[in-house]
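Please prepare a careful briefing for a reader who is new to this structure, with the main points grouped by topic.

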Amino acid sequence: MVRDFLHKATSTISQNHAMVCIEDLQVRNMSKSSTGSAEAQDKNVRAKSGLNKAILDQGWFEFRRQLEYKLNWAGGRLVAVPPHYTSLTCPRCDYVAAQNRTSQAKFKCVQGGYENHADVVGALNVLARGYRVIACGEDGAGCGQKTGTKPSSVKQEPTEATMREADHA
């Protein structure tokens, strides 16, 4: 049943979007077991075990795999961006603070006052990072950039200069 849903969802997305930006979630790392053993369990082992099962049952890795395959097939592009602070960063002023996230669902920037649903804020930040990866070559997972290289955005020329040069060639 989950597999049918993933197939339909990834097909619909890939047929309707040329570019999709997602967080580069490290599912394997996210689903590692908590510290502790059967004899001396950490107090969070049982809760972490339940979270791990939920993460794996949702099929996040398979969703990404299918989506990337179908986008490539359709001539689209999947852009995976670093997930750090996407739900804590204000999409209006870029202020990052844990206090911006007032609850699981609520976001309110303590600096600029911007308010929205936390999932919307995360999506806006992921999309903005995706655009920067595409436009400027900033770090993004799966974008063919070598680790440790500087973003090409510092070297990029304005479009107008490039267009004028093309007219005089």
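The structure, a predicted model, holds two aromatic pairs, a pair being two rings of Phe, Tyr or Trp (its six-membered ring) whose centres lie within 6.5 Å, with planes under 30 degrees apart counted as stacked, over 60 as edge-to-face and the rest as tilted. The rings of Y69 and W73 have their centres 6.3 Å apart and their planes at 25°, so this pair is stacked. Because the model is predicted, local features need pLDDT of at least 70 and side-chain atom pairs count only at pLDDT 80 or more, whereas totals for chains, interfaces and linings use all residues. Residues are numbered from 1 along each chain as its sequence is written, and side-chain values use heavy atoms, with hydrogens and water left out.

- Y69 and W73 are four residues apart in helix 4 (residues 60-73), and so they are separated by about one helical turn.
- Both Y69 and W73 are exposed, where exposed means over 50% relative accessible area, buried under 20% and partly exposed in between (1.4 Å probe, protein chains only).
- In general, a pair of aromatic rings is described by the distance of the centres and the angle of the planes.

**Overall fold**

- The protein chain has six helices and four strands, where helices (H or I, at least four residues) and strands (E, at least two) are DSSP runs, numbered from the N terminus.
- Read along the sequence, these elements follow the pattern α-β-α-α-α-β-β-β-α-α.
- Of the 169 residues in the protein chain, 25% are buried.
- Among contacts with a separation of 6 or more, 52% are made by residues 24 or more positions apart, a contact meaning heavy atoms within 4.5 Å.

**Salt bridges**

- The structure holds three salt bridges, each defined as a side-chain nitrogen of Lys or Arg within 4 Å of a carboxyl oxygen of Asp or Glu.
- One of them joins E62 and R3, whose closest N and O atoms are 3.1 Å apart, and this pair links distant parts of the chain, since E62 lies in helix 4 and R3 in helix 1 (residues 2-16), 59 residues apart.
- R65 is partly exposed, with a relative accessible area of 40%, and R3, E62 and R65 are linked in a network of salt bridges.
- The side chains of D24 and R64 meet in a further salt bridge, at 2.6 Å from N to O, and this pair also links distant parts of the chain, with D24 in the loop between strand 1 and helix 2 (27-30) and R64 in helix 4, 40 residues apart.
- D24 is buried, with a relative accessible area of 15%, whereas R64 is partly exposed, with a relative accessible area of 22%.

**Second largest pocket**

- The second largest pocket has a volume of about 330 Å³; on a 1 Å grid over the protein atoms alone, and with a 1.4 Å probe, a pocket is an open set of points with protein on both sides within 12 Å along at least five of seven lines, and a volume is the space filled by probe spheres set on the points, which are joined across faces, edges and corners.
- Its lining, made of residues with an atom within 4 Å of a point, has 15 residues, of which E23, D119, G122, A123 and V126 lie nearest the centre.
- Strand 1 (19-23) and helix 5 (118-136) each supply at least two residues of this lining, and helix 5 gives the most, with seven residues.
- By class, the lining has eight nonpolar, four polar and three charged residues, where Ala, Val, Leu, Ile, Met, Phe, Trp, Tyr, Cys and Pro count as nonpolar, Asp, Glu, Lys and Arg as charged, and the others, Gly among them, as polar.

**Positive phi values**

- Phi of Y85 is near 65°, a positive value in a residue other than glycine, and Y85 has its place in the loop between strand 2 (77-81) and strand 3 (106-108).
- Y85 is exposed, with a relative accessible area of 52%.
- D94, in the loop between strand 2 and strand 3, likewise has a positive phi near 65°, and at 56% relative accessibility D94 counts as exposed.
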